[in-house]
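The following note sets out several points for a colleague who is examining the model. Please read each point beside the displayed coordinates.

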Amino acid sequence: KAEHRYLAELEVLCNQLYEGTDLAQRMQAEKVLLELIDSPECLSQCQLLLEQGTTSYAQLLAATCLSKLVSRTTPLPIEQRIDIRNYILNYVASQPKLAPFVIQALVQVIAKITKLGWFEVQKDQLIFRDIIADVKKFLQVRKIIQSCCYLKLHSLALNSALFSPGPAPGTSFPTKHRKIATSFRDTSLKDILMLACSLLKELLAKPLNLQDQQQQSLAMHLLKLVLNCLNFDFIGNSADESADDLCTVQIPTNWRTIFLEPETLDLFFDLYHSLPPVLSQLALSCLVQFASTRRSLFSNPERAKYLGNLIKGVKRILENPQGLSDPGNYHEFCRFLARLKTNYQLGELVMVKDYSEVIRLIANFTITSLQHWEFAPNSVHYLLTLWQRMVASVPFVKSTEPHLLDTYAPEITKAYITSRLESVPVVIRDGLEDPLDDTATVFQQLEQLCTVSRCEYEKTCALLVQLFDQNAQNYQKLLHSSNRNPLEITVQEGRLAWLVYLVGTVVGGRLTYTSTDEHDAMDGELSCRVFQLISLMDAQLPRSSNEKVELAILWFLDQFRKTYVGDQLQRTSKVYARMSEVLGITDDNHVLETFMAKIVTNLKCWGRCEPVISRTLQLSLMSATYILLKKLVKIDAVKFMLQNHTSKHFPFLGVNDNYSLSDLRCRTTFYTALTRLLMVDLGEDEDEFENFMLPLTVSFETVTQIFNNSFKQEEAKRMLIGLARDLRGIAFALNTKTSYTMLFDWIYTSYLPILQRAIELWYREAACTTPILKLMAELLQNRSQRLNFDVSSPNGILLFREASKMICTYGNQILSLGTLSKDQVYPLKLKGISICYSALKSALCGNYVSFGVFKLYGDNHFDNVLQAFVKMLLSVSHSDLLQYRKLSQSYYPLLECLTQDHMSFITSLEPHVLMYILTSISEGLTALDTIVSSSCCASLDYVVTYLFKHIAKEGKKPVRCREISQDGQRLLHFMQQNPEVLQQVNLSTVSSEVLLNLIYESMNRALLGLMGLRQQYFSELRASLITSQPDNKREVLDQCFRNLMEGVEQNLLVKNRDR
């Protein structure tokens, strides 16, 4: 009775956990059920749930508990795992009505047992590898779906690191995972694929009843199983599955026979035509992988035959396109077409039988797809990829067979252009999502179209000229109409936006395709029209404007600049012939004047529109070459900006309450560009610099008055945020000692104290502290040796003292906030700490301050900032250090700098602080971020080298004159008291990573010191690694270790490290 009552309680908790809507109740249920996993009687209770549980959720709980049990770092005894595995196999085979999710959870337990015990031996047998044998037991009792689920999860488990609980003690996780996956690939994966294909053939041979759920479920599991096999990470590169460019499947050579049989491809094409859409898209997914098979698997004749079978299947699908009305099928088929051109050359495609018919069908399919722009818009990318790569290959085709792209590429371009124009009224009338709002997708498609559009460019140009003239005339008529219809004007502006984008695209396409003087003249025809439209649109500012047209114009200007403005441009380019007649623009100097006039207009009139301002400032003129900058500073519009950069002329520089604080970010970009222009002729002219800084001087004086008098907090805050962003842009651009010194002299005495006070007052507001801290971090950057002041100048020390004050102030204040919620801890605390660490690192590594001076003269600024570093560090958990990328990328390089040059500080730390730092190094060694892992390697090397040298020195000195180094002795004492510290920096992990070539030279250098410090541990590790190998490989590994240490002495001299 007690057992039944306990079971009933568990089932109630399961229902609360999996179905409950009350969050508190669910959390309580989860807490109680978690205790079940840690219970000594977990196994017997799981068995009770499986055998007597009345709900599927009870069975799911049992499977979950078993999964966690077998995944523990300390594995269960081998006999117990065999018993669990056999019990689950028999249970699944004997229960006909198990819910699918229960079957999947139980089989996942077996998959984990198999993976984690893949190399385990009992009685000279690898006991966890009987995958195919287990499946045959299922098939004998007609449990085909269970068989498929079993195989599918095994193929996934042994390919995926997610199925492992973590590195086993004394082993490197990536190494073990890769060895298991490779062994599984070589011993079992081919048999699984062949079994799946044979079962699919059996399924197809019988009359298919699409209403039969069991048949549908069987087909789904089998197709997913095949897909898992083809998606296997065959060579261990762990490619990102979302990256479709990495699309070669590295099929093993011993699979050739499967792929050379025409029946294999025919099977999946037949399945596509026979199954309902939810399943046929899986068949197409498999075909995508078949089409991506590596070229080297076949000889030339075999590859041609294989490609012919693929093309035959494409033709059959396009001749019977009913299935493509399903979005899933359509998407996979588009991927399939793109993969064809990725893995096969155009010269091979044109030689295929029926190429002319198939390319016609593909062109018609593409045109239809583009015309139905609202249907599966994310799939168009693959079709445009196909045509882009086909057209780009034309110059390299040596075959005499016609490729017919000059016939179909202009039609594709025309379909794209006309469909986008036709979409505008539909979007506006029906309130649909506007494709133009998704600029990332638009840019991606246009960059693909630019190559296609240059094929038979005359046709594309004539079409664009006709459409542009027609729409521009209609737009002008609407503007001058007495009864203006706002809806029609919006439609016309939407069409013009698309046309401007398209003109920019085809002009930019000149760089991707062979062009002639005639093509340049056509670009001039099109560009004239856009420049005329720019004049028309700017004439309406500020009373009326259209953001989409403006963004399109900026895209065009950027494309035109890349193509026709630059140092290497031939002045005789035909693009200016027509532009000279119509606009009076005769060369690139005139174009630059037009560009700069447009930039000034936008900065004046679009101050409230962050996207336009941001895109205007990103226009590549702002990061131009020095030769181009010299041309720009002669332009009146540039002279105007340099002399009038105030909110009166450029509203986005103002501090109006209507602007959000994030709108001020573009000011940094603006001042970086402006200062680069100033630097062209600045030289040593301090008066010119003072004049340039005058608007900022006025603003700072205003803030000072506000601080001293009325103190309107919000106004002062906004002004300071803007000033900090402005100054950061200026500081970034000042890359010479002379110009930087002018800025330092301007800011040091009068205005740094104001920034210090702002940090004290508004430390709770990240929107205020972040720009100020970033400004300080930029001022500390010794870029191009700009902070190498004269020998008589104290500026380096003065700057560091101010930075120390600011970091200490911020650090002390931010720690007073106490515990913050998970969503607040980064923006309110960790972000600021990461900037402080970045600033401190720049100061310590800048080589413009002699830090020994501070102690010599009793100045505590250096000690204070290091103590602030420690306080902030101890308030951050180890998990947060690695979880937040910006924090880890600032902390670990700073730690590298401290261990390299300031070991006396490191050794003086309290034991718990030292333990924290060394633990952070240990955890960072295995980080995927190379900045973090390489800094940890270097830090470890410096610590180990320091300790090794100290021990070596102490051993060599005679007892009578031995002077104990207090710093080194403290560190040595700490290591002796905490021997587990070096154990954390696990030599076995390190050595495995070295064997994989995943680690850096600095790690290899640290290894020598570690070996010297832990000789006994290294000997034990060496013996352990050798005994873990098969008998025939032990001697080889032993010899490798002997070769590794040959000639290596017990010291850390450079020549010894390099051996």
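1. E357 has a relative accessible area of 27% and is therefore partly exposed, a class that falls between buried (under 20% relative accessible area) and exposed (over 50%), with a 1.4 Å probe and protein chains only. The side chains of E357 and R360 meet in a salt bridge at 2.4 Å, N to O, the criterion being a side-chain nitrogen of Lys or Arg within 4 Å of a carboxyl oxygen of Asp or Glu. Both residues belong to helix α17 (residues 355-371) and stand 3 residues apart, about one turn of the helix. Helices are DSSP runs (H or I, at least four residues), numbered from the N terminus.

2. On provenance, the model is predicted: local features need pLDDT of at least 70 and side-chain atom pairs count only at pLDDT 80 or more, while totals for chains, interfaces and linings use all residues. Residues are numbered from 1 along each chain as its sequence is written, and side-chain values use heavy atoms, with hydrogens and water left out.

3. The salt-bridge count comes to 31. One of these joins the side chains of R256 and E302 at 2.4 Å, N to O. R256 lies in helix α11 (residues 256-260) and E302 in helix α14 (residues 300-319), so the pair ties together parts that are 46 residues apart in sequence. R256 counts as partly exposed, at 24% relative accessibility, and E302 is also partly exposed, with a relative accessible area of 23%.

4. A further salt bridge links E802 with K805, where the closest N and O atoms are 3.3 Å apart. E802 and K805 both lie in helix α35 (residues 795-815), 3 residues apart, about one turn of the helix. E802 is buried, at 8% relative accessibility, whereas K805 is partly exposed, at 36%.

5. Which residues gather in a patch of negative charge on the surface? They are E684, D685, E686, D687, E690 and D745. Such patches are made of residues with over 30% relative accessible area and no salt bridge, like charges being joined within 9 Å; Asp and Glu count as negative. Helix α31 (residues 686-708) gives the most to the patch, with 3 residues. E684 is found in the loop between α30 (666-682) and α31, and its 66% relative accessibility places E684 in the exposed class.

6. How many disulfides are there? The count comes to 0 disulfides, a disulfide being a pair of cysteine sulfur atoms within 2.5 Å. C65 is in no disulfide, and the nearest cysteine sulfur, that of C46, is 4.5 Å away. C46 counts as buried at 1% relative accessibility, and C65 counts as buried at 1% as well.

7. Is W762 buried or exposed? W762 is buried, with a relative accessible area of 1%, and its place is in the loop between α33 (737-761) and α34 (766-779). The C-alpha atoms of W762 and Q813 are separated by 9.6 Å, with the two residues 51 residues apart along the chain.

Conventions. Patch = residues over 30% accessible without salt bridge, like charges linked within 9 Å, V, L, I, M, F, W, Y side chains within 5 Å. Areas by Shrake-Rupley, 256 points an atom, 1.4 Å probe, with all protein chains shown as cover. Charge placed at Lys NZ, Arg CZ, Asp CG, Glu CD. Helix = DSSP H or I, 4+ residues; strand = E, 2+ residues; numbered from the N terminus.
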